[in-house]
There are 2 protein chains.
Amino acid sequence: MDFPNPLVTVDAVLLTLRDGGLEIALHQRDREPFLGAMALPGGVVHADEDTSTEDSIRRVLRDKTGFEPRYLEQLQVFSGQDRDPRQWSLSVAYVALVPAAELEAATRAEFRFVSVDALPPLAFDHAAIVGAAVKRLRGKSSYSTLPFFLLPESFTLTQLQHTYEAILQTRLEKSNFRRKMEAWDVLEATSDYVGGAQRPARLYRLKDFTLFDRSVA
Amino acid sequence: MDFPNPLVTVDAVLLTLRDGGLEIALHQRDREPFLGAMALPGGVVHADEDTSTEDSIRRVLRDKTGFEPRYLEQLQVFSGQDRDPRQWSLSVAYVALVPAAELEAATRAEFRFVSVDALPPLAFDHAAIVGAAVKRLRGKSSYSTLPFFLLPESFTLTQLQHTYEAILQTRLEKSNFRRKMEAWDVLEATSDYVGGAQRPARLYRLKDFTLFDRSVA
């Protein structure tokens, strides 16, 4: 090689829905650079053991959080001279959508949840990565089943509507939303209900884990 | 570093519209690996001179084809042990949309145009990269002004409709297409016309180079 090789890393934006808003899981860095700063979970690609960068990020998430997200999507590459003080570096950024309960149960204590609308200063260019991830989720959610991956496997129609509303940052009209969901034909009713005996709400689930594209807004 | 560093490259799918169909520009490799095979234009990231991987692909395209595409988008990363026989490698793949006349004038003789529906065997995993690029273009075209970037700067409404039809692989109804374009309000009429004196066709251009999202199909 005639040129210095870039440092190749992977990072993940773990998006979840808590208290009615989008949040991400961050940890505090315990080494330089950016010692003490909050950062996305990530790590260096291990060319001798990882079969791809997707394999790298799955290994990092297993090691750092102990779980594998059901939905993981490659976001984009962030690269250049200035993003890491050590050397020219490249990060393949991923977005994972995770139900809050699943993420809370799996992540170790050092992870902290913060709202995407009130980020602390982040290490490297991680604030830009989070911004791109949120934009991607919001852009895709109005015409896809992406938001389902933020819910537990079974959920009420009200929970589903609130999830779309939180992501799209808008109120949706209830009967119109339900009509679109029915026409979309992606929901499967379970035989379970939640809530009081008087007005129990039926639980639904996504027919399968395939993404369906169609406008809901 | 405890791990062998991956080889970091960039590749571009140069998409254009010729003879009513989508084509890409390929060149024949003059070195190992895959000596003699057709391949996408690409190269190694030069960490000492490129400010980002986008800067890398622009340098490679300038050097190999002599021009800079008006529309260039990061597609995704392709990575792993098996895609390059030399070592674990990672390619940041880009899609460029280029008007045919512009591409033909700029590319050197060694480039060959082939239909995306009749690819020869390609070097590395370049066939998979082309497949992802075509899927991305087709997926985005039904609701965006992306297809405009395959046209010269001014064009007739008939040329525009044929471009959408070629990408979407469907016939669009003329008056309906024109009504949607008008409602979309992205076109600007020029004072120029083409064609015979009896039924000259007005030339239009996109209001600016911003991407507009809306369904045309």
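How many helices and strands does chain A have? Chain A has five helices and nine strands, where helices (H or I, at least four residues) and strands (E, at least two) are DSSP runs numbered from the N terminus. This is a predicted model, in which local features need pLDDT of at least 70 and side-chain atom pairs count only at pLDDT 80 or more, while totals for chains, interfaces and linings use all residues. Residues are numbered from 1 along each chain as its sequence is written, chains are lettered from A and ligands numbered from 1 in the order written, and side-chain values use heavy atoms, with hydrogens and water left out.

**Chain A at a glance**

- Reading from the N terminus, the elements of chain A go β-β-β-β-α-β-β-α-β-α-α-α-β-β.
- The C-alpha trace of chain A spans about 70 × 35 × 30 Å along its principal axes.

**Domains**

- Chain A is split into domain 1 (7–141) and domain 2 (146–206), with bounds from an automatic or database domain assignment.
- The centres of the two domains of chain A, taken over C-alpha atoms, sit 28 Å apart.
- Between them, 15 residues of domain 1 of chain A are in contact with 14 residues of domain 2 of chain A, contact meaning heavy atoms within 4.5 Å.

**Helix 3 against helix 4 in chain A**

- Helix 3 (residues 126–141) and helix 4 (residues 157–168) of chain A pack at an angle of about 125°, their axes 9 Å apart; axes are lines fitted to C-alpha atoms, for helices over the stretch in contact, and angles run from 0 to 180 degrees between N-to-C directions.
- That makes helix 3 of chain A oblique to helix 4 of chain A (under 35 degrees is roughly parallel, over 145 roughly antiparallel, 65 to 115 roughly perpendicular, the rest oblique).
- On the helix 3 side of chain A, the contact is made by Leu137(A), Arg138(A) and Ser141(A), and on the helix 4 side by Tyr164(A), Ala166(A), Ile167(A) and Leu168(A).

**How the two chains relate**
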